Amino acid sequence: MTAVADLMDYAEVVERYDPVLGLEVHVELNTNTKMFCGCANEFGGEPNTHVCPTCLGLPGALPVLNGKGVESAIRIGLALNCEIAEWCRFARKNYFYPDMPKNFQTSQYDEPIAFNGYLDVTLDDGEVVRVEIERAHMEEDTGKSLHVGGATGRIHGADYSLLDYNRAGVPLIEIVTKPITGTGSRAPEVARAYVSTLRDLLRALDVSDVRMDQGSLRCDANVSLMPRGATEFGTRTETKNVNSLRSVERAVRYEMTRQAAVLADGGKIKQETRHFQEADGTTSSGRTKETAEDYRYFPEPDLVPIAPSREWVEQLRATLPELPSERRKRIQAEWSLSDEALRDLLNVGAVDLVAATVEAGASPNEARGWWVSTLAQEANSRGVELADLPITPKQVAEVIALVSSGELTNKLAKEVVQGVLAGEGEPREVVEKRGLKVVSDDSALLAAVDEALAAQPDIADKIRGGKVQAAGAIVGAVMKATKGQADAKRVRELIIERVGA
Ligand SMILES: [Zn+2]
């Protein structure tokens with residue numbers, strides 16, 4: 001492991017070097033079946049229960065291409081503004097690894113199905129960076145190895161290894177960027193924003209469940225440095241399978257500070273794969289990186305070439321949903337949001353939740369208020385994503401409706417939301433159980449008003465003398481007496497009535 005002393009201060013790194021990024025994202029498609037056989041494409045399951053002779057690579061078993069997988073690949077390509085190949089083939093990528101039973105991966109090499117695209121990425125401060133897409137190609141996932149014994153869970157030091165082929169043959173799309181240059185100190189942020197934007201896009205396309213924590217979206221980050229102003233790229237490292245957005249940012253930043261220290265010391269960067277350590281945010285050396293020649297690619301003889309007709313491609317283009325970036329623009333206009341308000345929404349991951357709350361009948365402003373303040377704070381203190389809070393947009397809309405109809409005050413509404421979050425049921429049930437109804441019965445309120453006026457006769461005189469704003473103190477006393485369950489507006493009216501002002 002690299003010691004902290006072997007890292008260069010980040011400010012110095014970006015002063016002396018220009019980073020170049022290359023991001024490779026693997027996304028598992030959510031097709032019902034695997035890419036080349038009829039086995040179920042499901043996450044988990046008892047080991048080796050979603051397998052057949054084809055995905056186990058048994059001799060004589062032949063692959064059959066999953067049409068839905070090709071359809072998803074084309075839709076992804078179109079959403080990434082790519083050209084779609086008129087004719088392309090699969091290729092065998094040969095290498096031995098125990099979790100790959102055929103000893104080759106069915107992939108695409110020099111004939112990807114989609115190529116030459118781009119994705120516009122908006123950074124936190126609103127700056128837009130265009131990331132050029134080199135290609136998006138189809139391939140299959142490998143099985144999974146589980147190394148048992150040993151401290152690290154890695155193969156080194158393990159007592160034995162277990163293999164699960166349920167994932168072998170699951171459809172994958174690999175999306176590869178062209179070198180991303182010119183981002184300077186913002187390179188780590190650009191990397192995170194790119195993966196985040198891509199994830200949103202893939203989710204909108206409904207082609208994958210894009211769960212980084214379950215590995216259905218994985219990012220490999222290529223990073224190299226070159227002296228400021230140079231044009232020839234430095235040697236890159238590839239940090240594999242970084243499994244959260246935050247880790248993508250941290251891994252890129254760490255590699256920049258590590259490589260800069262090596263280069264400044266007159267050393268050379270080794271072209272290799274590296275592993276990211278979640279615990280301390282460092283990367284460690286993996287294997288020496290193979291070059292394409294090592295894989296002895298050749299066209300897959302067991303699968304026919306794919307020649308998607310232009311009519312089909314256009315049909316698929318027509319199925320593209322409103323893309324997240326366009327949707328954001330529309331929402332901003334419809335809800336009259338400032339750039340800053342939109343950014344707040346995006347930063348807490350509340351756009352979809354607010355949209356769903358508006359859909360359920362709330363006004364955009366009120367819906368936004370709940371999600372961006374109270375609920376975002378709650379999510380933050382629980383350390384979960386906003387969307388994972390145990391309250392639905394529909395329930396939030398219901399609470400907002402109860403406030404609008406005067407059945408709840410804002411203060412009571414907060415209590416109701418706490419009740420829903422605590423699992424006490426639907427908002428109305430919480431209102432019942434906790435007895436949170438607004439006291440709007442005038443006779444009950446009048447009793448409290450009279451009591452408060454009697455307790456503060458000098459204030460009663462002031463109000464009577466025309467100082468209506470003095471009523472605030474009496475309203476406060478009544479609210480206190482009714483434990484906040486009174487309708488403050490009605491209380492004020494009753495006070496004025498009572499003193500005859
Ligand atoms: Zn199978």
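In what kind of crossing does α9 pass α11, right-handed or left-handed? The crossing is right-handed. Keep in mind as you read on that this is a predicted model.

## Helices α9 and α11

Let's stay with this pair for a moment. Helix α9 covers residues 364-382 and helix α11 covers residues 410-421. They pack at an angle of about 40°, and their axes are 12 Å apart. Angles of 65 to 115 degrees would count as roughly perpendicular and those under 35 degrees as roughly parallel, and α9 and α11 are therefore oblique to each other.

On the α9 side, the contact is made by W370, T374, L375, E378 and R382, while α11 brings A413, K414, V417, Q418 and L421. Sorted by class, the residues of this contact are five nonpolar, two polar and three charged.

## Helix α2 against α5

Next comes helix α2, residues 67-79, which packs against helix α5, residues 310-318. The angle here is about 70°, with the axes 9 Å apart, and the two helices are therefore roughly perpendicular to each other. Their crossing is right-handed.

## Helix α2 against α3

Helix α2 also packs with helix α3, residues 187-205, at an angle of about 130° and with the axes 11 Å apart. That angle makes α2 oblique to α3. The crossing of α2 and α3 is right-handed.

Here R75, I76 and A79 of α2 meet L201, L202 and L205 of α3. The contact of α2 with α3 holds five nonpolar residues, no polar ones and one charged.

## The zinc site

Which residues coordinate the zinc ion? The donors are the SG atoms of C37, C39, C52 and C55, at 2.3 Å. The angles among the four donor atoms run from 100 to 114°, and the site is tetrahedral. As a reference point, the ideal angle for four tetrahedral donors is 109.5 degrees.

Along the sequence, the donor residues follow the spacing C-x1-C-x12-C-x2-C. C37 and C52 lie 15 residues apart, and this pair links distant parts of the chain. Both C37 and C52 sit in the loop between β1 (17-28) and α2, so this stretch leads us back to the helix α2 described above.

Terms used
Residues numbered from 1 in each chain as written. Predicted model: local features only at pLDDT ≥ 70, side-chain atom pairs only at ≥ 80, totals over all residues. Heavy atoms only, no water. Axes fitted to C-alpha atoms, helices over the stretch in contact; angles between N-to-C directions. Helix = DSSP H or I, 4+ residues; strand = E, 2+ residues; numbered from the N terminus. Parallel < 35°, antiparallel > 145°, perpendicular 65-115°, else oblique. Left-handed = near helix turned anticlockwise from the far one by under 90°. Donors = N, O, S within 2.8 Å, 3.2 Å for Na, K, Ca; no water. Tetrahedral: all angles 85-135°; square planar, octahedral: opposite > 155°, others 65-115°. Contact = heavy atoms within 4.5 Å. Nonpolar A, V, L, I, M, F, W, Y, C, P; charged D, E, K, R; others polar.
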